[in-house]
Amino acid sequence: VELRIGCRPPSEGPLWLRVTGVGENTVLAGIVRLLDRAVAEKPRLAQLADRVAGIVSIAGAGWHDPAKCQPSSPVAVLQIHGTLDAVIQYGGGANLGVKYPGAEATVTAWAQRNGCGPKATQDKAMDLDVLVPGAESEVHRFTGCQGGAAEWWQVHGASHFPKFPKGFADTAWDWLQAHAKP
């Protein structure tokens, strides 16, 4: 069994695991325990909110139950998400039976936590996926935040793994630096 965690898979199809054993001490049981703990516990970002200024989430999702995430202080959140993501769907869905909100709902929840205005505004388009022609990405930003920030960059036509252009890491870093804690 080859299991890769934290790397880009060669394709976007389903993940297949060959289970060669069952029981409490198997790799699969460890993964299930880890997922159960992640669902049950307070999200790490909420635990560290007083020490974390911001995050850039690529194709992630928040908690379906906002009560599970109550940070002690505002956090700047940028969500970058492809509209054709079949792994963590842009509009929300479920993974292993656990519901998750879509990109817009995730960032809207952060906007509420950060005391932002009620509606996001749209900024100029960006080119974030070299495989999709033109400036395919819409920038949505909440304004008037009492602390932190809340934005999502909607990458039209992109999958779970957008092919970011050269310089993307600098763009993400610049966003984080622009939202440092006071």
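This section describes the sheet, the helices packed on it and the aromatic contacts of a predicted model. Residues are numbered from 1 along each chain as its sequence is written, and side-chain values rest on heavy atoms, with hydrogens and water left out. Because the model is predicted, local features require pLDDT of at least 70 and side-chain atom pairs count only at pLDDT 80 or more, whereas totals for chains, interfaces and linings use all residues.

Helices (H or I, at least four residues) and strands (E, at least two) are DSSP runs numbered from the N terminus, and two strands are taken to pair if DSSP finds at least two bridges between them. On this basis, an open sheet of 5 strands is found in the order β1-β2-β7-β6-β5, with mixed pairing. Strands β1 (54-58) and β5 stand at the edges with a single partner strand each, so one side of each is left without a neighbour in the sheet. Direction ignored, neighbouring strands are turned by 15 degrees against each other on average; axes here are lines fitted to C-alpha atoms, for helices over the stretch in contact, and angles between N-to-C directions run from 0 to 180 degrees.

Strand β5 (residues 120-126) runs antiparallel to β6, to which 5 bridges join it. In this pairing, Thr 121 is bridged to Arg 141 of β6, and Gln 122 has His 140 as its partner in β6. Strands β6 and β7 are likewise antiparallel, over 5 bridges, and Ser 137 finds its bridge partner in Val 155 of β7. The hairpin of β6 and β7 has 6 residues between the strands, and in it Gly 144 adopts a positive phi near 70 degrees.

Helix α3 (residues 103-113) lies across β2 (76-82), β6 and β7, and runs at about 170 degrees to β7. Helix α4 (residues 168-178) packs on the sheet and touches β1, β2, β5 and β7, its direction making about 145 degrees with that of β1. Residues are classed as buried under 20% relative accessible area, exposed over 50% and partly exposed in between (1.4 Å probe, protein chains only). The buried residues of α4 are Phe 168, Ala 172 and Trp 175. These cover an arc of only 60 degrees around the axis, which places them on the same side of α4; the arc is that of the directions from the helix axis to the C-beta atoms. The cover over the buried residues of α4 includes β1, β2 and β7. On the other side of α4, Ala 169, Asp 170, Trp 173 and Ala 178 are exposed.

Rings of Phe, Tyr and Trp (its six-membered ring) are paired if their centres lie within 6.5 Å, with planes under 30 degrees apart counted as stacked, over 60 as edge-to-face and the rest as tilted. This rule gives 2 aromatic pairs. The ring centres of Phe 142 and Trp 152 are 6.2 Å apart and the planes stand at 45 degrees, so this pair is tilted. It links distant parts of the chain, with Phe 142 in β6 (residues 137-142) and Trp 152 in β7 (residues 149-155), 10 residues apart. Phe 142 is buried at 7% relative accessibility, and Trp 152 is buried at 6%. The rings of Phe 164 and Phe 168 form a stacked pair, because their centres are 3.8 Å apart and their planes at 10 degrees. Phe 164 is partly exposed, at 22%, whereas Phe 168 is buried, at 11%.

Methods
Contact means heavy atoms within 4.5 Å.
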